[in-house]
Amino acid sequence: MLKELKIDEIYETVITSLENEANGVCKINGMVVFVPKALVGEKVRVRITELKKNFARGKIVEVLESSEKRVTSKCPYYEECGGCNLRHQTKEENLKFKKEKVENALKRIGKIDAKVDDCVPCFKDDHYRNKVSFKVEDDRIGFYAEGTYQLVDTEYCLLAENKINDCLNVIRNYIKSHKNKIKNVTIKHGNALDEVLIDIYSLSNDDMEILDYLTTNIDNLKTVVFNDKVVYGTGYINQISNGLMFLCSSKSFFQVNDVQTEKLYKIALDNAKLKSSDVVLDLYSGTGTISCIISSHVKKVIGIEIVPDAVLNAKENLKINGINNVRFICGDAAKEINKIKEQIDVIIVDPPRHGVDRKTIAIMKKMNPKKIVYISCNPVTMARDLSYLTDLYDVKKVIPVDMFPNTAHTECVTILKIRN
Ligand SMILES: C[S@@+](CC[C@H](N)C(=O)[O-])C[C@H]1O[C@@H](n2cnc3c(N)ncnc32)[C@H](O)[C@@H]1O
């Protein structure tokens, strides 16, 4: 009979694989244990921190035999902070991990045996995020420690663009010298004109007094949103991608890594092999980036997006870029897709992390498009959704793109073609 694991007890073990979120996996006394920041092949001493019915979690106490893929993280907050979790492994191995993550999801969840391309690397490993949300507690600002609500006070974040770290510093100075009830600060940087958007959520309207401090101390502050109201500026920032300009408000989605966004959209466009006669449906269209970028290659595009601000941005983006063959519909994709009258040749679908609901997939299939381009930031839900399409469609190409270096996350473009 195997001895039961105990909380706080320390065990020696060897890590056999990494799971989806890049936690090390091992078995101790017959129980699966997940160990953050442990690498395959490493012999480690692990303290059990959490016991569940079928698995446990542990923390490394000591690495007894280190992997040759292990590197030292440059981030001073890495041990505690939950902001990123793959800084302790080489870039090459991280890219391999992301490719395998997509392969495994397709095989295990989607029951799809497709060739997956190598993950497209990012030139910038740090300072690539154009949007970061920070938690605030009294005079501290930063991120929660992994899997907890314990705030880790961070002076800067290696993932954030430098301009965002400059703003973080200004906000930090403010909260150190002013009593406040601010809870959350989101900072976005627009690459077109080096502008900043700051969105603050506070439990007290008295904290509006931060506005003067921000306007005095931040260069190129374009807009401030306080408790969901635009209190300074136009309400949006400007982003350039793939040669076009996009307005983006606080609540509108925009890809977070400018360098990889260009590549992602180019990969999607190149592999979609669109025709000038094509009518394309862009599901989950956000600020209309994909619709705008493909518009000059096709006859017509229809975008569907649920966030009203994003649709307003998207409509404005058509004007800014002189595009007149695109129409945007504001609403839930599951409902609005039913109202489309046109014969759709290609569907481009770029859903949030939880993927596409079954009803929408069923209607997509009824529309009988020749091609579906599925763009995803979550290989697990992508694989599930693809499994509902593969009775009628063949998976032709799967291309992971490293949108989020130094984290376990990956973006992925999949091209599906109708079976003849
Ligand atoms: C991953 S983003 C993609 C946005 C856009 N394609 C881009 O590349 O920037 C997913 C988008 O889906 C939108 N969304 C989420 N649920 C939706 C729904 N039920 N119907 C329509 N859009 C939805 C989100 O607001 C977000 O803009």
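Strands β7 (residues 131-137) and β10 (residues 182-190) pair in the antiparallel sense, over five bridges. K131 stands opposite K188 in β10. The model behind this report is predicted.

**The sheet**

β7 and β10 belong to an open sheet of seven strands with mixed pairing. The order is β9-β8-β7-β10-β11-β12-β13. β9 (151-153) and β13 (229-233) are the edge strands, each pairing on one side only. On average, neighbouring strands are turned by 30 degrees against each other, direction ignored.

Two helices pack against these strands, as the table sets out.

| Helix | Strands involved | Angle |
|---|---|---|
| α2 (residues 162-177) | lies across β7, β8 (140-144), β10 and β11 (195-202) | about 155 degrees to β10 |
| α3 (residues 210-217) | touches β11, β12 (221-226) and β13 | about 165 degrees to β12 |

**Helix α8**

Which residues of helix α8 (residues 358-366) are buried? They are T360, I361 and M364. These residues lie on the same side of α8, because they cover an arc of only 100 degrees around the axis. In general, an α-helix has 3.6 residues a turn, so residues three or four places apart point the same way. The other side of α8 has R358, A362 and K366, which are exposed. Cover for the buried residues includes α7 (333-336), β19 (346-349), β20 (371-376) and α9 (379-387). Just after α8, N368 takes a positive phi of about 60 degrees.

**Domains**

The domain assignment gives domain 1 (10-65), domain 2 (94-124 + 257-418) and domain 3 (131-238). The centres of domain 2 and domain 3, taken over C-alpha atoms, are 31 Å apart.

Conventions: Residues numbered from 1 in each chain as written. Predicted model: local features only at pLDDT ≥ 70, side-chain atom pairs only at ≥ 80, totals over all residues. Domains from an automatic or database assignment. Buried ≥ 20, exposed ≤ 12 C-beta atoms within 10 Å, placed from the backbone. Helix = DSSP H or I, 4+ residues; strand = E, 2+ residues; numbered from the N terminus. Arc of directions from axis to C-beta. Contact = placed C-beta atoms within 7 Å. Pairing = 2+ DSSP bridges. Axes fitted to C-alpha atoms, helices over the stretch in contact; angles between N-to-C directions.
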